Amino acid sequence: MIHPKYGLFYDFHTDVCCPDIGEELDAEKFAQSVAKCGVDFLTVHARCNQGFSYYDTEIGIRHPGLKKDLFGEILYACKKHGIAVSAYLNGGLSNEEGLEHPEWLRVFPDGRIYAEDRTTPYVRSMCFNSPYREHLKAMIREIGKKYHPDGFFIDCYGFSHICVCPTCVREMLSLGYDTENPDDLRKYGKFISVRLAREIREAVCENVPETLLYFNGLGYEEQ
């Protein structure tokens, strides 16, 4: 396992209207610039908040404005310069997949499927008990098998995962939780978040057993 000293988090989320994602990016020059900064660990997007993938995927939704394997080109160029690369995926949000699969969305206790404030990317958040669960793990396996990154950064992943969709309610009742009790809803949200984190770890280790794995939102004990 790597032991990085200086990490860089390269954060970008692009809307469907952006027509030419990374078209003029020279991955080699980019990697050279990162190396000159002394960076030895880079987190870069494989899949963003919008739910778009930036690599050659057979599972996710490739950004329609993407004409190259942006994630792959950056990863390979950085590795040539001794820079380890972590794949960023948003675990809790996916605007585009929420549009395609509304049945994957979280249902809030008041019956909403849209989160507030609706001008933010948090509008469409995914239920960890829906088929999205297997979909997310499949993307992680795909990235691990194709690219063997040095890490995975799973974003928007925390204990605020409160959902009262039929699947969640059935399991809550079977485990003795009170679906009308806010504390029980939070406890159940923590339970399914940690459960999926364990499953993601298993999916990661299938192809990259010595990777750095971080869930942004889980406490250190759960990490």
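This is a predicted model: local features need pLDDT of at least 70, side-chain atom pairs count only at pLDDT 80 or more; totals for chains, interfaces and linings use all residues.
Helix α2, residues 70-80, is a handy place to start. Its buried residues are Leu70, Phe71, Gly72, Ile74, Leu75, Ala77 and Cys78, and they pack against α1 (27-36), β2 (41-47), β5 (84-90) and α4 (132-147). Just past the end of α2 comes Gly82, with a positive phi of about 75 degrees.

Phe71 turns up again in the largest nonpolar core, which has 56 residues; Phe71, Leu89, Ile140, Ile143 and Tyr157 make the most contacts inside it. At least two residues of this core come from each of α1, β2, α2, β5, α4, β6 (151-155), α5 (166-174) and α6 (182-205). The top contributor is α6, with eight residues. As for Ile140, its contacts beyond four places in sequence are Leu89, Phe152, Ile154, Ile200, Ala203 and Val204.

Then there are the rings: 15 aromatic pairs in the structure. One of them joins Trp104 and Tyr132, tilted at 55 degrees between the planes and 6.1 Å centre to centre. Trp104 sits in the loop between α3 (95-100) and α4, while Tyr132 belongs to helix α4, so the pair ties together parts 28 residues apart in sequence. Trp104 is buried at 8% relative accessible area, and Tyr132 is buried too, at 0%.

Tyr157 and Phe215 make another tilted pair, with ring centres 5.0 Å apart and planes at 50 degrees. Elsewhere, ring pairs tie Phe9, Tyr88, Phe153 and Tyr214 into a cluster, and Arg112 lies over the face of Phe108, 4.7 Å from the ring centre.

Conventions: Residues are numbered from 1 along each chain as its sequence is written. Side-chain values use heavy atoms; hydrogens and water are left out. Buried means under 20% relative accessible area, exposed over 50%, partly exposed in between (1.4 Å probe, protein chains only). Helices (H or I, at least four residues) and strands (E, at least two) are DSSP runs, numbered from the N terminus. Contact means heavy atoms within 4.5 Å. A nonpolar core is a set of buried Ala, Val, Leu, Ile, Met, Phe, Trp, Tyr and Cys residues joined through side-chain atoms within 4.5 Å. Rings of Phe, Tyr and Trp (its six-membered ring) pair if their centres lie within 6.5 Å; planes under 30 degrees apart count as stacked, over 60 as edge-to-face and the rest as tilted. A charge sits over a ring if NZ of Lys or CZ of Arg is within 6 Å of the ring centre and within 35 degrees of the ring normal.
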